[in-house]
Amino acid sequence: MKKILAALLVLAAQQTFAQSNQETLFSAKKGKKTTIGAYGVPAAKFTPIDGKFGLLTGGYGGVLLNGKIMLGAGAYSLVNNVDLPTLNTAGYKEYVNLWYTGFVAEYIHNSDKLVHWTAGALLGGGGVGRRDKNRWENDDWDHNSVYDQSGFFVAEPFANLEINITKFLRLDVGASYRYIAGSSTAGITDGKIGGPSLNVGLKAGKF
């Protein structure tokens, strides 16, 4: 009986030792712990909207695992006036109102190198509509009335070159492609508000 008990104790000890070396999805190399950081990226996107210059501002950010994989969210909106063909009977100009948001994942390659690359994607949705420019009408000031709005699905893969400025600050320059499906606003098609972008962002956080 004592021999059987001793054998069971030895077997249990061996199993415990084996499990301590078990590899998991988020485990680091042997002897290293999984690191958790976070960062945010205010960003600007220069993009054609219906063949005209568009400026989108916003950003993204989230939790960084082992200095390589970020999981978070992002949002952008059109901030300049991009005019549309006039459909209203009054004859005043109309402009694109555009915004979108969603889940963002990003991979950072060789994060400790001075210059390295990143790649990721945003998946989510947004809204588009027609809006008036600020104007005086009927003894009242009209502040960008938005109408004929519709929602859409958006998928935007991106890739950046990244430069480490300081330990907590990095510069991103890259490109993305905005794929949009499902919008139904008059005079605005998915193709007019989708397309490529040149992106600039300033990444700040704990890496």
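## First stop: a charged pair and its loop

Begin by selecting D50 and K52, which are joined by a salt bridge whose closest N and O atoms are 3.4 Å apart. The model in view is a predicted one. D50 counts as partly exposed because its relative accessible area is 21%. K52 is likewise described as partly exposed, its relative accessibility being 30%.

Keep D50 selected and turn to the backbone. D50 is situated in the loop between β1 and β2. Its phi is near 55°, a positive value in a residue other than glycine. Most residues other than glycine have a negative phi.

A further selection of this kind is N110, in the loop that connects β5 and β6. N110 is not a glycine, yet its phi is positive, at about 50°. With 42% relative accessibility, N110 counts as partly exposed.

## Second stop: the whole chain

Two helices and eleven strands are present. Followed from the N terminus, the elements run α-β-β-β-β-β-β-β-β-β-β-α-β. The protein has 207 residues, and buried residues make up 35% of them.

The protein exposes about 12100 Å², of which carbon and sulfur atoms supply 65%. If contacts are shown instead, consider those between residues at least 6 apart in sequence: 62% of them join residues at least 24 apart.

Next, colour the model by confidence. The average pLDDT of the protein is 85, and 78% of the residues score at least 70. Select residues 1-13, where the pLDDT is below 50; beyond near neighbours in sequence, this stretch has zero contacts in the model. Then select residues 15-25, where the pLDDT is also below 50, and where one contact is found beyond near neighbours in sequence.

Select Y60, V96, L98, F152 and I193. Which set do these residues belong to? They are members of the largest nonpolar core, which has 25 residues, and they touch the most other members.

To see where this core comes from, highlight β1 (36-49), β2 (52-65), β3 (69-78), β5 (94-108), β6 (115-132) and β9 (146-166), the elements that give two or more residues to it. The element that gives the most is β5, with five residues.

The structure holds seven salt bridges. One of the pairs to select is E94 and R130, whose closest N and O atoms are 2.3 Å apart. E94 belongs to strand β5 and R130 to strand β6, and the pair links distant parts of the chain, 36 residues apart. Are these two residues buried or exposed? Both E94 and R130 are buried.

Move on to D172 and K203, a salt bridge in which the closest N and O atoms are 3.5 Å apart. D172 lies in strand β10 and K203 in strand β11 (residues 195-206), so this pair ties together parts that are 31 residues apart in sequence. Both D172 and K203 are buried.

Finish by selecting T185, in the loop between β10 (169-181) and α2 (190-193). Why is T185 classed as buried? Its relative accessible area is 3%, and residues count as buried when this value is under 20%.

Two polar partners of T185 can be shown with distance labels. A polar atom of the T185 side chain lies 2.8 Å from the backbone oxygen of D148. The side chains of T185 and S150 are joined by a polar contact of 2.9 Å.

Lastly, display the surroundings of T185. Not counting residues up to four places away in sequence, T185 touches V128, G129, R130, D148, Q149 and S150. R130 in this list is also the salt-bridge partner of E94, which brings the tour back to a residue selected at the previous stop.

Conventions. Residues numbered from 1 in each chain as written. Predicted model: local features only at pLDDT ≥ 70, side-chain atom pairs only at ≥ 80, totals over all residues. Heavy atoms only, no water. pLDDT = per-residue confidence, 0-100. Contact = heavy atoms within 4.5 Å. Helix = DSSP H or I, 4+ residues; strand = E, 2+ residues; numbered from the N terminus. Buried < 20%, exposed > 50% of the residue type's maximum accessible area, 1.4 Å probe, protein only. Polar contact = N/O pair within 3.5 Å; in protein donor to acceptor, adjacent residues only side chain to side chain. Core = buried A, V, L, I, M, F, W, Y, C linked by side-chain atoms within 4.5 Å. Salt bridge = Lys/Arg side-chain N within 4 Å of Asp/Glu carboxyl O. Areas by Shrake-Rupley, 256 points an atom, 1.4 Å probe, with all protein chains shown as cover.
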